[in-house]
Structure formats: structure tokens, C-alpha cells
Amino acid sequence: MSWLSSSQGVVLTAYHPSGKDQAVGDSHAKGGEEATSSRRYGQYTMNQEGTTTRVMEKPPFDRSISQDSLDELSMEDYWIELENIKKSSENRQEDQEVVVVKEPDEGELEEEWLKEAGLSNLFGESAGDPQESMVFLSTLTRTQAAAVQKRVETVSQTLRKKNKQYQIPDVRDIFAQQRESKETAPDDTESQSLRTNENKYQGRDDQASNLVGEEKLIPPEETPAPETDINLEVSFAEQALNQKESSTEKIQKSKGDDATLPSFRLPKDKTGTTRIGDLAPQDMKKVCHLALIELTALYDVLGIELKQQKAVKIKTRDSGLFCIPLTVLLEQDQRKVLGTRIPLIFQKLISRIEEGGLETEGLLRIPGAAIRIKNLCQELEAKFYEGTFNWESVKQHDAASLLKLFIRELPQPLLSVEYLKAFQAVQNLPTKKQQLQALNLLVILLPDANRDTLKALLEFLQRVIDNKEKNKMTVMNVAMVMAPNLFMCHALGLKSSEQREFVMAAGTANTMHLLIKYQKLLWTIPKFIVNQVRKQNTENHKKDKRAMKKLLKKMAYDREKYEKQDKSTNDADVPQGVIRVQAPHLSKVSMAIQLTEELKASDVLARFLSQESGVAQTLKKGEVFLYEIGGNIGERCLDDDTYMKDLYQLNPNAEWVIKSKPL
């Protein structure tokens, strides 16, 4: 039996057995070898007796160098893990509840999308003055605006069909003001800037591109790959559209060129890299709205369907360890450990695996005994929070199996019900660069609990991979083993056919590989989105100022007096080219610092820590951070390599405060 993965351009021609020959438990290492021999790459046929016969013949297609050199056992890891999951689910099926995924009505999906994008006031019973959304809409790129317009049109048509009595938006009215403001601009500076930034990266991005349907399996570990910066300054959807518009000839890829694909890295940004967790909640909310619109715009440009799922609420247990919603689990954990952001059982399982040594061969791949795992689950449920569970009795492979079981048995997937399909669809994007861009936006969109737990998992997996010389678990092996645990969510009742499993296998394993390898990049908020937030804040401040002046005029206050008071205290008290740094919780005295071309945030912190006495003197690097507060941003924690003069020019009205990060 053979299946063709059209989305990946990879033909998998291995017969996928029912799993009867699968060895489980402590004998897996030996049994796995036997199972492997019956499922190699090649073509399989079924004879009349029902036994499997391997037909050794040359496959009827050309395989790339990358695929030829791929370790044969890597895909075997995926299928073995899938069979282990099925075996495990048979043993614990009675404990699981299925989440019902609701099929949305016509227009309901788009209506929900607009709510998630922060544009619910454009329609429905909550519809109000569209001016409230005009500031937001004015900051969108052309592709983002097109994505919004498309959804607004669908909702408008649906509401008219249903003869709803409340206000129905007219797309022409909503976007008219935005178009007028752009037309009256003296020159198309935004477009010019976008083109300039895009051209800066175009050559490197083209090297990283490959045609639709040519995505290969993970390239060999040993192949050195050139590094290139990934462009975070220009909208991802705009980059994709510009590439389509500027492509006068088809991108050609020589055979085997996949082995020399660049390895992407974070570009150096003088105004500082912004990571998830660095921004104040009000700004992070705006980031999420923009990330959803940008993700949708990117998928629209590339012709990929992006549909959010909606889970119907089901009755779940309100205490315990397994089959418990992450938010409920964290609520009960925070009563034990204040401020914890990752489930305690999850942390303890990782800790137990690491105590056994990450050099253990086959770590994560070799499962524990099924009966023992079931008994351990029951014992953990009864004794974990009492502190009486004997962790010394837990074998390392059992702890690894329990960790994967915990992930699989979450009532809603770790990658979330809403975005699981979007994560799965990443494999269909044409280039590696675009896959990374989509994953970056999806990570931003995950709920906090899901994102924090995923981060802890990926950091642990990287530590496993760092010991690959001894444990034989390369990034390929780990990706193959973990992919079915994250992407094949059986709790959603997605009954996978063999064909669907074959189609998804290579793609989801590649996506898992990207999640592990580029986790630092994926937890970064793109600069273009941060700049859009800055623009929104600036426009909102102007709007508020106009409203305040109007109010003061009505109240007969002295406008001139107000305008004088409105001037920044920085301008009044601090000479040009000097910033005043405060640490209100640590010191009563502020510090004036002269800006130079080379002055970094780390230099400011070092100067403060070296001069202070008392509480501040006991602090170490990494315990306090320099923050940019106010002006065109709510609050932003600065990374050490932020050049202060460049940031000051971007946000001259900000205050500079040294403090610790909130829990």
C-alpha cells in the first residue's frame, strides 16, 4: 500500500501495519528492531494468506539527495510512536472525554474572526461608532486591510441574508477614510519604506525559497547550512506579495539544493529585540489582534485556507492531574506555588527524566510498560499533591511516557483547538521562511498557559538533542517521536485514516523540527508589529488630546496653561541627549546618563548596579531590567543589546525605569 503526500512532494511507500507486531514495555528495544524490519521504505504487497511481502524494486520516482540520505529509522520512529499512542489510548479510553468541534454556520467563522481581531464593534449588537476602529485600521498594511475587508464583506452578506435588525457595516464606508488618508499623503513613504526594507532582504530570502510541493523531509544533521537573517521589519504577508509581484521568472531549484538551505537567525536590531513577555498586557492584546490579521493575510496571499475551529464547552474534571484543562490545573497549582506558569506535574516529570541523565539511549523513543504507566497515573492522581508519591520508583522511560501522555490527554490540545489546524497547515506553505513566519504568529496567538507550557517542552527537547552523541536522539528523531503527540489530537475525535496519517507524517514532523530548532526566533514579536502598536498608541494619544482640549475649552480653562503642562517633563528637566533613569523601588535618586552611539541597555544597568548601595547593591544581573515606559508604548522590557540613542529617537517621550519583571 502506498500513499502520496502531495503537500510535501514526498512519496511514502511503506505499508502501515495495524500494530499487531508492535512490542511495548520493557521489551520494546528488542521488539522495536523486529518491528522495524517489517516496515522499511519500499513497496509492500499483501499475498492471499494476508502476510506482508516486501517487493524490492526501484521506486518509480526520483528521490532528492536530502531524502536519500535521511536515516531510514526516522520515519519508523513516527509510526512506532503512533502505534504506542493507539495502544495507550486503548488502555485509558474509559477516562477520556471527547471535545466536540462545532462546525460553524455561514458567516459565523468570519464574525468570530473579527471579534478575535478586536473589530467586533464594526457589526452586531455591539456596533458603535466605527471611528473607534479607524485608528486601528489606519495602521494596517495593504494585505492586512484586504484580509479584514474580505471578512467584513462575508459578515455583511450573511447579516443581510438573515435580516438582522442591528447595524450592518458597509465595507466601502469602513475603508473609505483609510484610503482617503493615504491618497492625501504627499508621497507614498510607507510603501517606499516597505520596498526598501524588503529589497534589503530579498536576495537572502530568495535563496531560502522553494517551490510549492517541493518541501522535503528534514535534511541531514551533518550538512552545514549557511545562516541568513529573517526579515522581521516588514509584514510577512507583504513580503510574500512583493515576491509574487516581483517574480518575473520561476524560481529554479537544482536537485539536491535542499541540503544547502540557509539556517535562519534573528537579525540585530538597534532598537532592541522584543520577546513575548516583554510588553505590558494592553500592548500584548494589540499584538495578538495584529498577529491574527497578519497570519490570515499571509495565508490569503499564499492561497492557503485558514479556518479556526471552535470547541463546544464540555464538562471536565475540576481537580486531578491528567485530562484536566491547563487553566484549571494552573489554578490549583498556584495555590501550592504562587505565580507558577507551568503545571507542577509537567515540571516534575521533566525533572525526573533529567535526573536519570539525558545521555540515556533512545530517550523519549522507548516507551515504558503500558500496565505500569496506567498504575503510575492512578497513584500520581492520589498522592502527587499530598507529597507522598515515591518518585524514586519511577523509571526514566516511564517518566518520558507519562510526559507524552500528559500532553495527549489534555482536554484541549496544547496547540489549542482554535489553531491546531492552522499549525497543521503550516506544512502547506511554499517556503521554509514562510513556515517559520506562520509559526511565529501562531505562537503569539496561543493562550498564555499553552504558550508557556509549550516553551518549557521545547526547551527540554533541545536539552535532549544537545546530548544526541550519546542518546542517539537527533532533532530528526525527537521531531518524529513528538509530532504525533502534539499534532494528532485524538481527544478531538479526529479519526485519522491511514492515508491521512501518511499525508500528515512528514509535514507535521518538519513543523515539529522547526518549533524545536527556531524556538528563540518563534518567541520574538516581529518589529513591524511592535511598530504598528506604537503607531496605534500615538494615534490614540492624539485622539485623547484632541478630546481633552475640546473638554477644557468647554470648561473655560486656560488652553495655553494646559499646553504648557502637557510638555514632557523630560524636555523641561533633562538636557538634550541625556536620559534620566529611575529605579523607584530600589533607589530614591534618579541617574542622568549621556546618550552615545555605543551606549546599550546593559551599560545603563551595569552603571546603576555599580553605583548603588543598600538593597540595589545585592542585586545581580538578570534580576532587574531596564524598561521603556510611556510615549508610544505602554511598557517594554529592553534586551541587553538595545542601543539607547536609537531607541530614544524612536520614542523620545518615554521614561526609563529599572525594575524586576512581574511574576
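This is a predicted model: local features need pLDDT of at least 70, side-chain atom pairs count only at pLDDT 80 or more; totals for chains, interfaces and linings use all residues.
Student: The protein chain has 26 helices and 13 strands. How much of the chain counts as buried?

Tutor: Of its 663 residues, 50% count as buried. The accessible surface comes to about 31900 Å², and carbon and sulfur atoms hold 49% of that area.

Student: Why is Gly634 called partly exposed?

Tutor: Its relative accessible area is 22%. Buried means under 20% and exposed means over 50%, so a value in between is called partly exposed. Gly634 is found in strand β12, residues 633-637.

Student: What is Gly634 in contact with, leaving aside its neighbours within four places in sequence?

Tutor: Its contacts are Ala280, Gln282, Asp283, Asn537 and Ile629. Val533 is 101 residues from Gly634 in sequence, with a C-alpha to C-alpha distance of 9.5 Å.

Student: What makes strand β13 largely enclosed by the rest of the structure?

Tutor: Strand β13 covers residues 655-659, and four of these five residues are buried, so the strand is largely enclosed.

Student: How do you know that β13 pairs with β9 and β11?

Tutor: Pairing requires at least two bridges. Strand β9 (residues 578-582) has two bridges to β13, in the parallel sense. Strand β11 (residues 625-630) has five, in the antiparallel sense. Gln582 has Val657 of β13 as its bridge partner, and Phe625 has Lys659.

Student: What makes the link between Lys659 and Glu635 a polar contact?

Tutor: The two side chains come to 3.1 Å. The limit for the N or O atoms of such a pair is 3.5 Å, so the distance qualifies. Lys659 lies in strand β13. Leaving aside neighbours within four places in sequence, Lys659 is also in contact with Val624, Phe625 and Tyr627.

Student: Which residues touch the most other members of the largest nonpolar core?

Tutor: They are Tyr299, Leu364, Leu461 and Met512, in a core of 128 residues. Helix α10 (residues 281-301) gives the most to this core, with eleven residues. Beyond its neighbours within four places in sequence, Met512 is in contact with residues including Leu458, Leu461, Ala479 and Phe487. A second, separate core of 21 residues includes Leu595, Leu599, Trp656 and Ile658.

Student: How do you know that Cys377 is in no disulfide?

Tutor: The nearest cysteine sulfur is that of Cys323, 8.5 Å away. A disulfide needs the two sulfur atoms within 2.5 Å, so Cys377 is in none. A search of the whole structure finds zero disulfides.

Student: Why are Cys377 and Cys323 called buried?

Tutor: The relative accessibility is 1% for Cys377 and 13% for Cys323. Both values are under 20%, so both residues count as buried.

Student: What makes the phi of Cys323 worth a remark?

Tutor: Most residues other than glycine have a negative phi. Cys323 has a positive phi of about 60° although it is not a glycine. Its place is the loop between β8 (310-311) and α11 (326-334).

Student: Where is Ser416, and why is it called buried?

Tutor: Ser416 is in the loop between α14 (396-408) and α15 (420-425). Its relative accessible area is 3%, under the limit of 20%, so it is buried. The phi of Ser416 is near 75°, again a positive value in a residue other than glycine.

Technical notes
Residues are numbered from 1 along each chain as its sequence is written. Side-chain values use heavy atoms; hydrogens and water are left out. Helices (H or I, at least four residues) and strands (E, at least two) are DSSP runs, numbered from the N terminus. Buried means under 20% relative accessible area, exposed over 50%, partly exposed in between (1.4 Å probe, protein chains only). Contact means heavy atoms within 4.5 Å. Accessible areas come from the Shrake-Rupley method with a 1.4 Å probe; for residues, only the protein chains shown count as cover. A nonpolar core is a set of buried Ala, Val, Leu, Ile, Met, Phe, Trp, Tyr and Cys residues joined through side-chain atoms within 4.5 Å. A polar contact is a pair of N or O atoms within 3.5 Å; within protein, one must be able to donate a hydrogen and the other to accept it, and residues adjacent in sequence count only if both atoms are side-chain atoms.
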